[in-house]
Amino acid sequence: MGRYYQPEIECASQEQIRAWQDERLIKQVRHVYDNVKMYRERMDELGVTPDDIKGREDLHKLPFITKDDLREQYPYGLLAKPLSECVRIQSTSGTTGRRVVAFYTQHDIDLWDECCARAIVAAGGSNEDVVHVSYGYGLFTGGPGLNGGSHKVGSLTLPMSSGNTERQIQFMTDLGSTILCCTPSYAAYLAESIIERGLRDKIKLKAGIFGAEAWTEEMRHDIEEKLGIKAYDIYGLTEISGPGVSFECEAQTGMHINEDHFIAEVINPVTGEVLPDGEKGELVFTSITKEAFPLLRYRTRDICILSHEKCPCGRTHVKMTKPLGRSDDMLIVKGVNVFPSQIETVLLNKGYPANYQIIVTRANNSDHLEVQVEMTPEMFSDSVSVITEKEKELVSALKAMLGIYADVKLVAPKAIARSEGKAVRVIDKRNLYQNN
Amino acid sequence: MTVKQISVFVENKIGNLAEVTKVLADAGISLHAISLADTKNFGVLRVIVDDSYNAATTLKEQGYIFSITPVLAVAVPDEPGGLYRILTLLGDHNINLEYLYDCNIRKSDCAYMIFKLEKPEEAIEVLTKHQVRLLCQEDFK
């Protein structure tokens with residue numbers, strides 16, 4: 001296999017890409033207008049009809065949609081195909097107990113797999129490779145996405161899922177995994193575990209495809225050096241499909257967005273104005289080929305910069321920087337989306353005061369989430385075991401809401417600083433975006 | 001015949017315990033019994049003081065979280081087996097002991113200890129019936 005999975009698409013001329021986008025956008029707008037009440041109402045409100053959309057240049061006429069819309073429309077509101085034609089559901093964590101679910105037809109799964117296949121080939125993968133997928137499998141898109149991509153490429157796929165490091169390393173050494181797919185923090189953890197066991201020369205890894213959380217260039221170099229591989233970034237979100245919305249090539253200077261499937265815009269998050277290449281703003285996606293769950297102008301809340309500069313790899317699709325931050329307060333901890341409001345909901349439900357602080361740290365490349373809550377007279381008891389029991393209850397309620405473990409620390413009343421204006425709810429000590 | 005124990009929430013941070021004791025000292029409160037139960041993140045300081053009303057108002061003013069729990073101050077004979085006999089007595093009457101700690105009030109023949117029991121009223125009945133002496137709040141003044 002060559003350097004590209006689909007050279008005719010990945011290296012198509014700008015004109016060709018534009019032509020695909022125009023044609024597919026027109027069709028998609030008609031599809032959602034006819035099949036999704038919310039889009040129809042929003043467009044009618046703005047006085048925009050599908051006929052007004054004659055190509056990409058008219059994209060700005062369409063309304064934005066946000067994660068709040070997705071939550072409000074849960075579960076079937078945005079479905080654009082009959083359920084009988086859908087074959088899969090994936091889900092992402094959401095605030096206040098309401099998750100976001102995305103539906104896929106077989107066609108949607110195929111195009112998602114195709115995007116992941118492009119990422120695997122860009123990382124040097126072929127049917128000669130053993131692709132070791134340590135992303136979680138299940139509702140989370142990481143595992144299923146890379147798994148599907150690896151099948152398309154024809155690689156031998158190891159559906160390891162996350163956790164059980166011993167077994168991960170054993171399979172890696174026994175079966176000769178060559179490409180590792182997981183979160184960068186897990187990759188770093190695996191690297192250390194392999195070195196500790198003295199198995200560095202028993203592994204055959206040559207590349208890694210790491211995504212679902214923010215990571216720095218330092219972390220990339222660290223993983224590359226420890227495992228003796230080249231580490232590639234991959235980006236995606238469940239709302240749009242999953243991993244593979246964009247992926248890094250050997251140039252490692254940004255991720256190519258699969259523009260034949262997704263139109264990317266960068267906007268000013270305050271005014272909604274579309275910004276030119278090179279300017280920093282919020283990334284907005286329109287999925288132009290998805291059938292079951294197509295989103296028009298979906299605001300990702302990720303801040304980044306787009307670039308059409310010629311890439312030495314030969315791919316012509318637009319590149320995006322790693323996310324440089326968020327335009328909302330979402331945190332990504334251990335690859336999982338965490339909103340402070342989710343934590344607040346749990347605290348209020350359990351009768352705790354809303355004055356809390358979330359502290360995120362990263363030690364040994366592993367994220368740690370601590371929720372500090374002020375003790376109240378109602379919660380207090382002279383018995384340590386009663387208090388400890390309440391702490392445990394809170395830990396399990398947080399786990400149920402967030403899907404990850406959070407440490408709870410009860411602090412003295414007024415220990416959490418009150419600020420005059422906006423309360424400081426989150427202290428992220430990881431400095432993930434410092435180098436950008 | 002119960003005694004008021006004041007339990008204070010103390011965050012596990014250097015200097016926090018010293019601060020509580022200073023607050024009490026500044027209010028002229030004297031401690032007769034003290035115990036500290038600790039976990040990784042926090043501690044519960046339990047004290048018996050000479051003036052529990054003064055202690056409670058002072059702690060409240062200073063913004064501390066605390067509770068007042070009835071406990072027994074039990075005279076334990078100062079001889080081998082003294083504590084054993086009292087615990088057996090309570091056990092025989094199916095009265096569960098949650099925790100106990102020492103107290104600085106002594107007599108020549110016994111030491112007073114603070115007992116936190118699940119059923120304090122029943123315990124008082126059993127103990128007094130068996131001639132075990134108990135202190136009341138007034139005795140700490």
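1. In strand 15 of chain A, R326(A) is the bridge partner of D302(A), and strand 12 (residues 298–304) of chain A runs antiparallel to strand 15 of chain A, the two being joined by two bridges. Strands here are DSSP runs of E of at least two residues, and helices are runs of H or I of at least four residues, numbered from the N terminus; two strands pair if DSSP finds at least two bridges between them.

2. This is a predicted model, in which local features need pLDDT of at least 70 and side-chain atom pairs count only at pLDDT 80 or more, while totals for chains, interfaces and linings use all residues. Residues are numbered from 1 along each chain as its sequence is written, with chains lettered from A and ligands numbered from 1 in the order in which they are written.

3. An open sheet of four strands in chain A has the order 10-11-12-15 with antiparallel pairing, and its edge strands, each pairing on one side only, are strand 10 (262–267) and strand 15 (325–326) of chain A.

4. Strand 1 (residues 86–92) of chain A pairs with strand 2 of chain A in the antiparallel sense over six bridges, and Q90(A) has A102(A) as its bridge partner in strand 2. Five of the six residues of strand 2 (residues 100–105) of chain A are buried (20 or more other C-beta atoms, placed from the backbone, within 10 Å of the residue's own).

Terms used: Buried ≥ 20, exposed ≤ 12 C-beta atoms within 10 Å, placed from the backbone.
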